[in-house]
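Thanks for coming. I will go through one structure today, starting with an annotated site and ending with a strand. Please have a look at it first.

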Amino acid sequence: YLGCLDAENFKEFKLVQKRQISHNVAKFKFALPTPTSVLGLPIGQHISCRGQDATGEEVIKPYTPTTLDSDIGYFELVIKMYPQGRMSHHFREMKVGDYMSVKGPKGRFKYQPGQVRAFGMIAGGSGITPMFQVTRAILENPNDNTKVHLIYANVTYDDILLLEELDNMAKNYPDRFKIYYVLNQPPEVWDGGVGFVSKEMIQAHCPAPAADIQVLRCGPPPMNKAMSANLDDLGYTKEMQFQF
């Protein structure tokens with residue numbers, strides 16, 4: 001099939017719905033050219049979005065849609081808008097009917113069903129989006145038996161993106177998908193992890209080092225660096241690790 005993306009040139013997609021999820025998170029739904037169009041984004045790849053910051057300067061940032069190519073006619077982005085974020089400004093200002101400039105696909109990750117027995121995933125904050133996309137694709141493919149073990153770290157409970165969707169996937173696919181939430185500032189009653197993602201948490205909640213597993217990472221740079229060190233210490237080779 002032909003996708004709607006161009007890797008070399010930005011193309012315009014119309015915002016058809018903007019739904020506020022929390023005080024600083026919204027879901028943006030963009031229409032594709034026709035109701036039967038597909039975006040054409042390989043699993044594990046992302047798009048570049050172009051906008052303007054508060055001073056009118058051009059900004060280009062990578063985003064991973066929460067939709068798959070099985071969602072025809074549209075794609076969605078779940079965006080956390082930070083007070084000082086340059087692209088956040090653009091998303092905050094966007095109104096239904098406005099157009100977003102997008103190009104892609106981008107990214108080094110290639111996925112074929114069955115390429116690993118299991119994925120470990122360590123995500124922080126907005127870094128959940130590529131993990132969500134890969135996990136959804138695996139779980140919604142009846143011929144894919146890959147198991148997914150996700151550790152998802154945030155500051156507070158309210159910061160957890162895609163919480164409802166993740167919990168539903170864990171409930172619907174209990175044998176194939178496990179999620180462990182880690183919070184820096186947990187609520188009083190909390191059965192997940194507390195603090196930063198530790199080596200002990202990785203040992204308990206990710207598949208052990210093996211030739212047929214891979215651990216994917218995506219989070220803020222300091223977290224990625226710390227997780228890389230943790231994984232190295234636990235005996236995961238470079239081939240067993242991938243950073244989005």
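The UniProt entry, which is unreviewed, carries a "binding site" annotation on P62, Y63, V78, K80, M87, S88 and T129. UniProt positions are in the numbering used here, feature names are shortened, and such annotations may be inferred rather than shown by experiment. From this set, P62, Y63, V78, K80, M87, S88 and T129 belong to the lining of the largest pocket. A pocket here is an open set of points on a 1 Å grid over the protein atoms alone, where a 1.4 Å probe fits, with protein on both sides within 12 Å along at least five of seven lines; lining residues have an atom within 4 Å of a point.

Two notes on the source. This is a predicted model, in which local features need pLDDT of at least 70 and side-chain atom pairs count only at pLDDT 80 or more, while totals for chains, interfaces and linings use all residues. Residues are numbered from 1 along each chain as its sequence is written, and side-chain values use heavy atoms, with hydrogens and water left out.

Now K80. K80 sits in strand 5, residues 74-80; strands are DSSP runs of E, at least two residues, and helices are runs of H or I, at least four, numbered from the N terminus. Is K80 buried or exposed? K80 is buried, at a relative accessible area of 11%, where buried means under 20%, exposed over 50% and partly exposed in between, with a 1.4 Å probe and protein chains only. Beyond four places in sequence, K80 contacts N24, V25, S88, S126 and D159, a contact being heavy atoms within 4.5 Å. The side chains of K80 and D159 also make a polar contact of 3.1 Å. That term means a pair of N or O atoms within 3.5 Å; within protein, one must be able to donate a hydrogen and the other to accept it, and residues adjacent in sequence count only if both atoms are side-chain atoms.

N24 lies in the loop between strand 1 (11-22) and strand 2 (25-31), and is buried at 17%. N24 touches I79, K80 and M81, not counting residues up to four places away.

M87, in helix 1 (residues 86-93), is buried at 1%. Among its contacts beyond four places in sequence are C49, V59, Y63 and M100.

Last, strand 11, residues 213-218: six of its six residues are buried. I213, V215 and R217 point one way, and Q214, L216 and C218 the other.
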